[in-house]
Amino acid sequence: MGQEEFIKIVKLQQRYNLLKFSDAELARHLGISPTLWCRLQRGERKITVDVLRKIIRQFPSLQGAVLEFLQE
């Protein structure tokens, strides 16, 4: 699973949770800057372990997707 696919999974999860955040709101919900979130989506930055931890903290059901992402 590539970074782009992983970002899509995170966005689907937040929609599934009916949060319906904008990108900036999702970034703040995750505890990262909106600028960093945009750069991650565009592939300009790599997803770090810190970002993955924050994703799991907010979306525990994505733990399996995070592990799959880390295995690649």
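Where does Leu62 lie, and what does Leu62 touch, not counting residues up to four places away in sequence?

Author: A word on the model comes first. This is a predicted model, where local features need pLDDT of at least 70, side-chain atom pairs count only at pLDDT 80 or more, and totals for chains, interfaces and linings use all residues. Residues are numbered from 1 along each chain as its sequence is written, and side-chain values use heavy atoms, with hydrogens and water left out. The chain has a mean pLDDT of 87, with 97% of its residues at 70 or more; pLDDT is the predictor's confidence in each residue, from 0 to 100.

Now to your residue. Leu62 sits in the loop between H4 and H5. Helices here are DSSP runs (H or I, at least four residues), numbered from the N terminus. H4 has the highest confidence in the chain, at a mean of 93, while H1 has the lowest, at 80.

Leu62 has a relative accessible area of 4% and is buried. Buried means under 20% relative accessible area, exposed over 50%, and partly exposed in between (1.4 Å probe, protein chains only).

What is around Leu62? Not counting residues up to four places away in sequence, Leu62 is in contact with Ile9, Val10, Gln13 and Ile55, where contact means heavy atoms within 4.5 Å. Gln13 is 49 residues away from Leu62 in sequence, yet their C-alpha atoms are 7.8 Å apart in space.

Two of these neighbours lead us on to the largest nonpolar core. Val10 and Ile55 are among the residues that touch the most other members of this 19-residue core, along with Phe6, Ile32, Trp37, Leu40 and Ile47. A nonpolar core is a set of buried Ala, Val, Leu, Ile, Met, Phe, Trp, Tyr and Cys residues joined through side-chain atoms within 4.5 Å. Helices H1 (3–16), H2, H3, H4 (49–58) and H5 (63–71) each give two or more residues to this core. In soluble globular proteins, nonpolar side chains tend to be buried together.

For another loop, look at Phe21, which is found between H1 and H2. Phe21 counts as partly exposed, at 23% relative accessibility. Leaving out residues up to four places away in sequence, Phe21 touches Gln14, Leu26 and His29. The C-alpha atoms of Phe21 and Lys11 are separated by 8.9 Å, and the two residues are 10 apart along the chain.
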